[in-house]
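Here is a short note to read beside the structure. Please keep the 3D view open and look up each residue as you go.

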Amino acid sequence: WDYIENNSQRMIGGCIWDWADQAHIKLGDQQIKYYYGGDFGDKPNDGDFSGNGLTTPDRRVTAKLLEVKKVYEYIKLKDVALLSGRIGIENRYNFSDLSMFEIEWKVLKDGSVVQSGKMNTPTLLPSEKTSIVVPFVRNFDGGSEYFLNVDIVLKEDKLWAEKGHIVASEQFSLKDRIAVPQINTDNLPQLTVKKALNTLNISGNNFSVDLDEKTGTLTSLKYAGREMIYNKSGLFFNWYRNVSNDKYTDQNHYESEYTSPLLTYQVAQDKKSVTILFNSTVLIKNDRGVKVPLSTKYVIYSNGTIDVDASFTKPDNAGIIRRLGLQMLLSAGYENIQYYGAGPHENYSDRKTSAFIGLYNTTVKGMEAEHYIRTQSMGNREDVRYVTITNDKNEGLKISSKDRLNFSALHF
């Protein structure tokens, strides 16, 4: 769409096939359970091929619809001289001026609103453009990240939408994110490292960690005696995803095996941290025997902080691999999620134009609410600075990103 709007002289745009998912409910069955090709004993069929709309069958909003809405905006906002508050505004309507709209703006500090205001829209006829100055206070803390969000909204109710409905929006970075600070070990106690059979145990100030030497996986992570990891499944290799768009490729799940594992560790001289290196080649047991080199580095500090750096190399014969990462299973009860990243709805590296950086609160159940009619990989969030996953007592984990992080948290 960016090329179509700004470079192409001939393309008319990307044409969307379906407005709504094509599926049905059954009389007497759940009103949110949908059936598609094959569910009625019909042969031949195309399965959920027609479940490719922007809304659900009952016309609920989806993240796909929000993305299209953002791309289709007729009012364009651009950076002109952002540090002085000046942004460009262009009216791409064919017949309407901007008199029916007003501007709402807000400044976000580390994802939370610290300034806000309203402005009149400039007088712009169709196809005209100009610039405006947003009157935010340019006084930024050195240790924080700042964004300017600008919305164009309806001033009054219309037949097609209510007052305040957003017709265009943009987010501008005012001050870049800061680096994750290094751990200051000056006042930290010493930790203890023990080795037994194939397990490496590290314990410190009210926490303990177990690592499996054969897989490099965290098999136990305890804080204040509480086990965080379910079934010894912490930060293990994950390559699999399943989405309807890939249905004509191999979407089978194959077991994985760590081959030639090597784990080494070194305790710091002050005994306040330990560095662990794990290298292996993961064998995905399909007919081609795909091999993925994996390297994971842990630095575990005596205050319970764990620094994780994982790298993967995708081989040439790995068409079945569509993402690489680490996965962990948490013990029951950790249902509350707060994250600072792109949201609030589901987004991906190639579908996040409508997802602005902010501080969002949801639940694991809430991350399932993307309304796909077929169960599949879903709920991803991009550009995450940090995410906390906690129980009702606000106990849990905080994962901070040094560069790029995306995550999902689901019950399945």
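1. Start with the sheet. In this predicted model, 3 strands form an open sheet, in the order E1-E2-E5. Their pairing is antiparallel. The edges are strand E1 (75-81) and strand E5 (129-133), each of which pairs on one side only. On average, neighbouring strands of this sheet are turned by 30 degrees against each other, direction ignored. Strands in a sheet pair through backbone hydrogen bonds.

2. Now look at one strand pair. E1 and strand E2 (residues 86-91) are joined in the antiparallel sense over 6 bridges. Asp79 stands opposite Ile87 in E2.

3. Next, the aromatic rings. The whole structure holds 12 aromatic pairs. One of them is Tyr74 with Tyr93, a stacked pair: 5.0 Å centre to centre, with 15 degrees between the planes. Tyr74 lies in the loop between helix H2 (63-71) and E1, and Tyr93 in the loop between E2 and strand E3 (101-109), so the pair ties together parts 19 residues apart in sequence.

4. Are these two tyrosines buried or exposed? Tyr74 is partly exposed, at 44% relative accessible area. Tyr93 counts as buried, at 19%, because the cut-off for buried is under 20%.

5. Follow Tyr93 onward. Tyr93 also stacks with Phe101, at 6.1 Å centre to centre and 15 degrees between the planes. Phe101 is buried, with a relative accessible area of 1%. Tyr74, Tyr93 and Phe101 form one aromatic cluster.

6. Last, charges over rings. Arg138 lies over the face of Phe136, at 4.7 Å from the ring centre. The charged end of Arg385 sits over the ring of Tyr340, 5.8 Å from its centre.

How values were computed:
Residues numbered from 1 in each chain as written. Predicted model: local features only at pLDDT ≥ 70, side-chain atom pairs only at ≥ 80, totals over all residues. Heavy atoms only, no water. Pairing = 2+ DSSP bridges. Helix = DSSP H or I, 4+ residues; strand = E, 2+ residues; numbered from the N terminus. Axes fitted to C-alpha atoms, helices over the stretch in contact; angles between N-to-C directions. Phe/Tyr/Trp six-rings, centres within 6.5 Å; stacked < 30°, edge-to-face > 60°. Buried < 20%, exposed > 50% of the residue type's maximum accessible area, 1.4 Å probe, protein only. Lys NZ or Arg CZ within 6 Å of the ring centre and 35° of its normal.
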